[in-house]
Amino acid sequence: MNHQTVTLEPGLYFVSTPIGTARDITLRALDILASADVLAAEDTRSLRRLMDIHGVPLRDRTVLAYHDHSGARAREKLLQALADGRSVAYASEAGTPLIADPGYDLSREAAAAGHMVTTAPGPSAVLAALTQAGLPTDTFLFCGFLPAAAGARRKRLEELRDVPATLVLYESPKRIAASVGDMVEVFGGARQAALCRELTKKFEEVRRGSLDEIEASLQSAAIKGEIVMVIDRERAERSTDDEIRAAIVKGMLEHSVKDTAEIVSNAYGIPRRKAYQMALELGKSEK
Ligand code: SAM
């Protein structure tokens with residue numbers, strides 16, 4: 001038996017759960033799940049299954065469903081339990097609550113009401129991906145999911161383009177090809193990145209390389225599973241627009257507008273779209 005029944009102080013306990021391998025859970029998390037007066041979860045079945053795997057008895061407790069959108073009623077119930085001096089453990093479906101997952105409203109209101117809010121920290125796909133990506137971790141920015149709509153997604157990527165930090169993004173397998181395509185356009189294909197998939201699971205995979213290389217790897221076969229993209233910050237010495245224009249003019253002596261844009265985009269680490277626009281304008285003014 002890996003857990004102990006302990007006496008918990010009244011308060012709200014955010015419990016991190018595994019992002020894949022079920023044994024990635026701390027002993028303290030199991031103790032809290034075994035001992036809390038009230039259990040609540042984003043997905044009640046997942047939490048019950050996890051407790052079952054680890055032999056943590058439910059006893060006479062039920063698992064209450066809670067996510068921030070389940071509304072004020074469900075939150076009121078948990079806040080009332082806290083007001084009654086009980087210990088409440090909350091887990092999201094996988095990983096750490098509040099990290100692209102519910103819990104923020106509950107945390108804010110519990111703290112505002114003067115209750116203890118604490119955590120049993122543990123797995124999160126953000127940190128797992130950063131650990132494996134092979135990119136700097138001195139400063140990183142977690143950006144959650146990109147917007148699903150193409151226009152909003154590009155706008156968000158443009159906002160992120162010059163942030164001096166490693167970027168960490170969650171993405172669905174359905175949208176990853178389109179998102180990486182937009183990243184190539186906005187960040188330039190030379191930017192280093194890592195596509196981290198199915199971390200801690202049987203088919204765990206990390207594709208490290210330039211955005212161009214990752215984009216090419218996505219063209220051969222559809223990709224499945226859960227994905228985190230980690231993207232390096234801008235590295236290229238900023239070339240002046242004059243230098244880039246000169247390279248475009250030279251390139252267009254031998255290549256088409258499209259090929260020149262590609263060559264210059266790779267050489268100077270600028271977005272392909274920007275190189276293409278410049279090449280088109282220079283092409284016009286040359287006539
Ligand atoms: N709270 C969770 C955490 O701490 O990582 C994240 C929840 S969010 C709703 C789910 C997303 O996290 C997935 O779509 C995927 O982008 C990422 N993710 C979760 N588990 C993962 C895994 N094992 N490998 C790669 N990405 C994962």
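Throughout these legends, buried means under 20% relative accessible area, exposed over 50%, and partly exposed in between, with a 1.4 Å probe and protein chains only. The model is predicted, so local features need pLDDT of at least 70 and side-chain atom pairs count only at pLDDT 80 or more, while totals for chains, interfaces and linings use all residues. Residues are numbered from 1 along each chain as its sequence is written, and side-chain values use heavy atoms, with hydrogens and water left out.

**View 1. Glu 198 and Leu 98 are two non-glycine residues with positive phi.** Glu 198 has phi near 50 degrees and counts as buried, at 15% relative accessibility. Look for Glu 198 in the loop between β8 and β9 (205–210); helices (H or I, at least four residues) and strands (E, at least two) are DSSP runs, numbered from the N terminus. For Leu 98, phi is about 75 degrees. Leu 98 sits in the loop between β4 and α4 and is partly exposed, at 32% relative accessibility.

**View 2. Helix α1 (residues 27–35) is mostly covered.** Of its 9 residues, 7 are buried: Ala 29, Leu 30, Asp 31, Ile 32, Leu 33, Ala 34 and Ser 35. The cover over these buried residues includes β1 (11–15), β2 (38–41), α2 (44–53), β4 (87–91) and β5 (117–120), where contact means heavy atoms within 4.5 Å.

**View 3. Phe 14, Tyr 66 and Tyr 90 are linked into a cluster by ring pairs.** The structure holds 4 aromatic pairs. Rings of Phe, Tyr and Trp (its six-membered ring) pair if their centres lie within 6.5 Å; planes under 30 degrees apart count as stacked, over 60 as edge-to-face and the rest as tilted. Phe 14 and Tyr 90 make an edge-to-face pair, 6.0 Å centre to centre with 90 degrees between the planes. Phe 14 belongs to strand β1 and Tyr 90 to strand β4, so this pair ties together parts 76 residues apart in sequence. Phe 14 is buried at 6% relative accessibility, and Tyr 90 is buried at 0%. Tyr 66 and Tyr 90 are edge-to-face too, with ring centres 5.7 Å apart and planes at 80 degrees. That pair links distant parts of the chain, 24 residues apart: Tyr 66 is in the loop between β3 (63–65) and α3 (72–83), and Tyr 90 is in β4. Tyr 66 is buried as well.

**View 4. Helix α4 (residues 104–112) has Asp 105, Leu 106, Ser 107 and Ala 110 buried.** Their cover includes β1, α3, β4 and β5. After α4 comes Gly 114, with a positive phi near 90 degrees.

**View 5. Ser 265 is a buried residue in helix α10 (residues 257–268).** Its relative accessibility is 1%. Setting aside neighbours within four places in sequence, Ser 265 is in contact with Ile 270, Pro 271, Arg 272 and Ala 275.

**View 6. Arg 191 lies over the face of Phe 187.** The distance from the ring centre is 4.5 Å. A charge sits over a ring if NZ of Lys or CZ of Arg is within 6 Å of the ring centre and within 35 degrees of the ring normal.
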